[in-house]
Amino acid sequence: MNALEIRNLSKTYPGFKLDDLSLTLPSGCIMGLIGENGAGKSTTIKLILGMIRKDGGSISILGKDNADGIALSKEDIGVVMDEVGLPECLTAMQVGKIMKHTFRNWQEEEYDRLLRKLSLPDGKPFKDFSRGMKMKLGIAVAMSHGARLLILDEPTSGLDPVVRDEVVEMFNEFTRDENHAILISSHIVSDLEKLCDYVVFLHKGKVLLCEEKDRLLEEYGLVHYTAESLQMIPAASIKYKKENPYGIEAIVCRNAVPEGVPVSPVSMEELFIFMAKEAR
């Protein structure tokens, strides 16, 4: 069963339109939403969670249509939004006690383990947490009630590189269970490149690309050339290019490049930047 299926999803605001978005997230996988601020990542997540109404399209979560309300699946979905909405007077331990009466499948031992792993204090009130600490507490809650799908909006924002690496590993461990899946948005593309099985590039409300990450990295490469030497490469193989004072950088289809032409690996961040600039 697919963890998430979206078909032809649309939402219009003054000055912005999420236009005909479709994607499928299989169970056992992690999908990353990549895009600039205002690309539609948070809008997509809010539509999935039923926080705002869609104008068109359909959303199926763990085999259930979300039109009937996200409450039908709340036990199976762990959510971390960009702002973690917990009462500021509560400590991490008090949050755990409340969640025990909120979720039928609350896992107290797992929550305590995650608090220790993420170095979160027991007695400090939430209002005194740094942004990074708040995100870590939100992650601990989301991963402690037996969820099958995690929906995460910028969960590594505000975390230092060491903690980000620990959180990335936690997410990888989560999806080793083939009944689990994660949809994660982030502007930290390097985190998503480590994590994701699938990537979705959003730009101004449109999907530029939705594909398996490994297939993308195998299919595309980066070449550095002068304008004259770039003519050696068939125009059809050049997907995106940009000029700089030192020559031309181009994203190319590896299998269409003549033998002997040096092609470097391309990162997800480089690929997205090229595509976004081309789409302007």
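How many disulfides does the structure hold? I looked and found zero, taking a disulfide as a pair of cysteine sulfur atoms within 2.5 Å.

**Ground rules.** I am working from a predicted model, where local features need pLDDT of at least 70 and side-chain atom pairs count only at pLDDT 80 or more, while totals for chains, interfaces and linings use all residues. Residues are numbered from 1 along each chain as its sequence is written, and side-chain values use heavy atoms, with hydrogens and water left out.

**Cysteines.** I checked Cys196 for a partner. Its sulfur has its closest cysteine sulfur in Cys29, 10 Å away, which is too far for a bond. A disulfide is a covalent bond between the sulfur atoms of two cysteines. Cys196 is also buried at 2% relative accessibility; I use buried for under 20% relative accessible area, exposed for over 50% and partly exposed for in between, with a 1.4 Å probe and protein chains only. Cys89 is exposed, at 58%.

**Salt bridges.** Next I searched the whole structure for salt bridges and got 13. The criterion is a side-chain nitrogen of Lys or Arg within 4 Å of a carboxyl oxygen of Asp or Glu. Side chains of opposite charge can pair when their charged atoms come close.

I picked out Asp76 and Arg148, whose closest N and O atoms are 3.8 Å apart. This pair links distant parts of the chain, 72 residues apart: Asp76 is in the loop between β5 (64-65) and β6 (77-80), and Arg148 is in the loop between α4 (131-142) and β7 (149-153). For these labels, helices (H or I, at least four residues) and strands (E, at least two) are DSSP runs, numbered from the N terminus. Arg148 is partly exposed, with 27% relative accessible area.

Then I looked at Asp19 and Lys17, which form a salt bridge with the closest N and O atoms 3.9 Å apart. Both ends come out partly exposed: Asp19 at 25%, Lys17 at 42%. I also noted that a network of salt bridges links Lys17, Asp19 and Lys206.

Asp128 and Lys127 make another salt bridge, at 3.5 Å from N to O. Asp128 is partly exposed at 41%, and Lys127 is partly exposed as well, at 49%.

Is Asn66 buried or exposed? It is buried, with a relative accessible area of 9%, and it sits in the loop between β5 and β6. I listed its contacts (heavy atoms within 4.5 Å), leaving aside neighbours within four places in sequence: Leu47, Ile48, Gly50, Lys54, Ile59 and Ile61. From Asn66 to Leu47 the C-alpha distance is 9.2 Å, for 19 residues of sequence between their positions.

Two of those contacts, Leu47 and Ile48, are among the buried residues of α1, together with Lys41, Thr43, Thr44 and Ile45. Six of the eight residues of this helix (residues 41-48) are buried, so the rest of the structure largely encloses α1. Just past the helix, Gly50 takes a positive phi of about 75°.

**The β11-β13-β12 sheet.** Strands of a sheet pair through backbone hydrogen bonds, either parallel or antiparallel. My pairing rule is at least two DSSP bridges between two strands. Here three strands form an open sheet in the order β11-β13-β12, with antiparallel pairing. β11 and β12 are the edge strands, each pairing on one side only. From one strand to the next the twist averages 20°, with axes as lines fitted to C-alpha atoms (for helices over the stretch in contact) and angles running from 0 to 180 degrees between N-to-C directions.

I went through the two pairings. β11 joins β13 (residues 247-253) over six bridges, and Gly221 stands opposite Val252 in β13. β12 is also joined to β13 by six bridges, with Glu243 facing Ile248 in β13.

Why is β11 largely enclosed by the rest of the structure? Because five of its six residues are buried.

**Thr226.** Last stop was the loop between β11 (220-225) and β12 (238-244), where I found Thr226. Thr226 is partly exposed, at 40% relative accessible area. Its C-alpha atom is 8.7 Å from that of Glu249, a residue 23 positions away along the chain.
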